[in-house]
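Subject: Handing over the structure

Hello,

I am passing this structure on to you, and my notes follow below it.

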Amino acid sequence: MNRTVGMWLVIGLVGYCLLPWYVLEDGFWSTEWLLDGYPFDTDYAPALFLITQGEKLWLSPLLLPLLLPLLSPLFAHSPKQRANVLIVAGVSGLAWLAIQGLGIGLRGWNFDALTQLFGALDDRQFGIGFGGLFLTATFLFYLTTGVAGRGAVNGDVFVVGSIGLIIALVGVFIFFPIVQMLSSAVRDNDGVYSLSVFTAKFFENKIWGLGCLTGGTRCGVAWNSLFLAVLVGFSTTLLGLVFALVATRSGLKRGNLLRALTVLPIITPPFVIGLAIILLFGLSGSVTKLVADIFELQPTRWVYGLPGILIAQMLSFTPIAFLVLIGVVEGVSPSMEEAAQTLRANRWQTFKTVSLPLMRPGLANAFLLGFIESMADFGNPLVLGGNYDVLSTEIFFAIVGAQNDQGMAAVLAIALLIFTLTAFYAQRRWLGNKSYTTKTGKGDSGAHALMPKRVMWPCYSIAAIWTLFTLTVYGMILYGGFVETWGLNNTLTFKHYITAFGISWNDYGIHFKGSAWDSFWTTLKIAGTAAPLTAMLGLLTAWLLVRQNFAGKQAFEFGTMLSFAIPGTVIGVSYILAFNVPPIELTGTGVILVISFMFRNMPVGVRAGIASMSQLDKSLDEASLTLGANTWRTFTRVILPLMRPAILAALVFSFVRAMTAISAVIFLVSAEYNMATSYIIGRVENNDYGIAIAYSSMLIVVMLTVVAVMQFFIIRSDSRSGKSARSAQSI
Amino acid sequence: MTIQQQVSKAAPVEFKQVTKVYGRDVTAVDEVSLRVEAGELVTLLGPSGCGKTTTLRMIAGLEMATEGQILIGDTDVTKLPATDRDVSMVFQSYALFPHMSVLENVSYGLRIGKMKKAEILERTERGLEIVGLSGYGSRLPSELSGGQQQRVAVARALVLEPQVLLFDEPLSNLDAKLRRQVREDIRDIQTKLGLTVVYVTHDQEEALAVSDRIIVMNDAKIAQIGTPRELYDAPVDEFVADFIGEANLFDGVIDSVNGNTAMASVNGISFTALARELSVGPSRIAIRPGRILLSAAGSPNTMAGKIAKATYAGSHMEYKVSTDVAELFVVSDVESGFSEGEVVSVGFAEKGPVLLPGSTLSTTAIG
């Protein structure tokens, strides 16, 4: 038996014999169980103590696969046979864990068929805890070590283990919840499977109705969402292109201000733009009042609905389109444009016949991104939706509203998933590898041609107006926090900040008495825990994708990037459905928030990792390997230190995204673990705009600080190791 | 670390019918068998895409053979990954770890084992001394010149005292003047320490200068194995003749064979050459540009030619000469001074023409 297997055997034994088998009611980090009846109290007992007391006897078969590798020298003689033994142990252990976990729940047998087969079971079990977690890990790595032993990926235990770990995590935390959700969509409220229930719900008029075309009634939410998303996709792509052209082809000094503006949506909670729109165009908004005064019109609620959502989403997602398109526009090789010019094409002809066609895949990409973002957006429609219902908010209301219809929520979520996955698939399928642009920009000199005049002036004016508008909106947010009651009483005040973030001194020292502090600290804690885990997961995945070759790599990549296309509301619903009951009981804990952030933001880490890893010369890895280092050591000693900028970027990004997320969070928060964003939404629902806006400004400032500090470190570490890395490549 | 220890660690490498297939049907190396003796420097030479780098990477364990067997010393390493092989490699890009100092780079492989710190340091210093970089230990790779980085890469591979040391086009990133110096240094270190070295290059001059033996590869197969002299003087076919140095190729006739010697003739010139197991009849003939002699018209045992182009190249003259056989490329000394359009006699130097056994007869002339 080698060292890896020995280590996992010990971990498995610790899980089975020492740690509490079931989940702890008092929380992840609690230590109460150590003093409260451990190891004999059945709530806290390890599996071994449970079965010796004659309880939960279905846990006893797990010992066999756990100890099987110890016995393997008796009958397995070749390395291949020993690997097979490990695979058998791993698979049977995992299978039994799944069977007993899914089969026996809070009320005995989970399936009627089992009751009929074995008779009623007057015992029950909770979700698995530390003990079960450790044992699961042991079986998983038995399996991967065995697979490696049979020669997969050149027998590399670390690589196969990493692949196995990521597949298991993605399987449990992305595919399992989605499958649970699908299955709840085909059940009625009593839990009986019925396809007719699903079809009845799915093809309901509320989702697919076309009443708006024939006049009279409203259209279904699916059409609403689709229409909005297509509009947003087009308009953000157009605006993004305008900005990208202005930044690179206007002869202006580099558009550094424009680039700085792209940070804004990353650090802005998604619904904050919606709030600002209300401050401007709402019933008592500044612009509404101004126009009403001048033209003596009655102020209306026109902004609530499609116009408002559209404006807010355009403000939110144009910077994303800009980021995509600036790469595309810069990537068009100047020598091709110069070639066109030497062939007697004028600027307009060059632009029309060469530059624009070369950008086409990039434009399609930006459109699909805008489409997906709009579909998934939850905050803005929630704040500004009015009567214009879209899928993402309807899912929420199906769950929290009076109807509390989980099946309906699942059906709506499926409709939403169909749209986003189709767009995601289209993006990967048609555009994945189709890029005319030079990726590195190497080996191409020359300057970009300027825009033709008839393109330049419209671009300038659109860009100027939009920039002004964006700045106004953000100005509103900062200013709005200091106004007593917007539109009614415009006196300036610190009241909202004091209510939310008041601090006082008492006998025990500093006292955070403001109402927002609780959710603020929780948010920092959860985001701070999620960020390093997300970054690790993302970079490990990126490393496997860029540097390793293994069967099924394409499917692996698709699976890991998939969560990008799953809207947060869908994740939220599916997590509630999947993790509310054993075998994995997580709702109401902080852990479920951390996990949802990890898997929502993992694609970001993967992309950052892939981008920076493709910059590293592959011979660095190979040099380390030929010098006798194994893959684990190569990864930790060579790759990770060189990836420091990417690690920092992934850390910041996942931290900030966790701070600003709302869509999945709103389903998963609990009284104990409330997050800043859901607190703010709560204030908005109470029409308490002052505090909501003050809190939002606070978040923006905090995140701006975080981004700035991290940027400072990135630049520093970049100039230290990054420079030498680059110079090593250039020779 | 004594030199003797290193000599005793150097091991032979053997390929038995090794094939490497990428994907489904791209054969990079096709049933190659070869043997590199311990303490020998062997070059893998060939045009790009011929499979030489894949062969090298299979020795390193960075690629796994699809079929066949690879032996290092007496051990079958076919299935062993790079980590577990006692082989070091110097990469084309050097692959120095940019975040580690020179000392950390060179000691990287040593620090993996359970060696005492003092010994690691001693061996690292010793390695840097061998490549002439003592005192550079604390620098970062980015603070060194290209040639120095190259030597650090060599030191890093050397200190592990590998059974086989591999070089993947180590000179391609250096400028022309430095190349000569560095390749001599590599050869010196190799002979002094008695290392088994496999060296990949596409530069035939470099290969001729450093190797004990050269393996010429073409199209995933071995074209010829031999000492530099053998390859240059007795290429086995047109590809080798043309790839190692330049050659004029044309058809001739073998008139008689007597043991090892053959009498052959081309367009009225008769000459003797090594028979190379050929028999009487038509044959392909190769001759180096420098072994063709030009003289005033009407000399004996020559054929008539006309100078189509004369180029002054500093140290020598280059001529293109039209003859009835082919257009010949000729190099002669500057004094010869023929001018374009002049009619000359074309003759062969003693031992100049070579009969090519491996070539099928064709009518196209190369060179």
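First, a definition: a residue is called buried if 20 or more other C-beta atoms lie within 10 Å of its own, exposed if 12 or fewer, and partly exposed in between, with C-beta atoms placed from the backbone. Residues are numbered from 1 along each chain as its sequence is written, and chains are lettered from A and ligands numbered from 1 in the order in which they are written. This is a predicted model, in which local features need pLDDT of at least 70 and side-chain atom pairs count only at pLDDT 80 or more, while totals for chains, interfaces and linings use all residues.

**Two loop residues**

K351(B) sits in the loop between β19 (343-348) and β20 of chain B; strands (E, at least two residues) and helices (H or I, at least four) are DSSP runs, numbered from the N terminus. Because K351(B) has 12 C-beta neighbours inside 10 Å, it counts as exposed. Its phi is near 60 degrees, a positive value in a residue other than glycine. E277(B), in the loop between β13 (269-274) and β14 of chain B, also has a positive phi near 60 degrees. E277(B) has 10 C-beta neighbours inside 10 Å, so it counts as exposed. For background, most residues other than glycine have a negative phi.

**Domains of chain B**

The domain assignment, which is automatic or from a database, gives chain B a domain 1 (3-233) and a domain 2 (246-356). Their centres, taken over C-alpha atoms, are 40 Å apart.

**The six-stranded sheet**

In chain B, six strands make an open, mixed sheet in the order β6-β7-β8-β3-β9-β10, where two strands pair if DSSP finds at least two bridges between them. Its edge strands are β6 (87-90) and β10 (221-226), each pairing on one side only. On average, neighbouring strands are turned by 20 degrees against each other, direction ignored; axes are lines fitted to C-alpha atoms, for helices over the stretch in contact, and angles run from 0 to 180 degrees between N-to-C directions. Strand β9 (residues 213-218) of chain B runs antiparallel to β10(B), with five bridges joining them, and N218(B) stands opposite K221(B).

Helix α5 (residues 146-158) of chain B lies across β6 and β7 of chain B, at about 180 degrees to β6(B). Both β6 and α5 of chain B give two or more residues to the side that touches chain A. That contact takes 27 residues from chain B and 25 residues from chain A, where contact means C-beta atoms, placed from the backbone, within 7 Å.

**Strand β14 of chain B**

Why is strand β14 (residues 281-287) of chain B largely enclosed by the rest of the structure? Five of its seven residues are buried. Seven bridges join β14(B) to the antiparallel β11 (residues 248-258) of chain B, and I254(B) has G281(B) as its bridge partner. Three bridges link β14(B) to β20 (residues 354-356) of chain B, again antiparallel, with I285(B) opposite L355(B).

**The core**

The largest nonpolar core has 308 residues, and L275(A), L166(B) and V198(B) are among those with the most contacts inside it. Such a core is a set of buried Ala, Val, Leu, Ile, Met, Phe, Trp, Tyr and Cys residues joined through C-beta atoms within 7 Å. Helix α16 (residues 306-331) of chain A gives the most to this core, with 14 residues.

Enjoy exploring!

How values were computed: Two residues are in contact if their C-beta atoms, placed from the backbone, lie within 7 Å.
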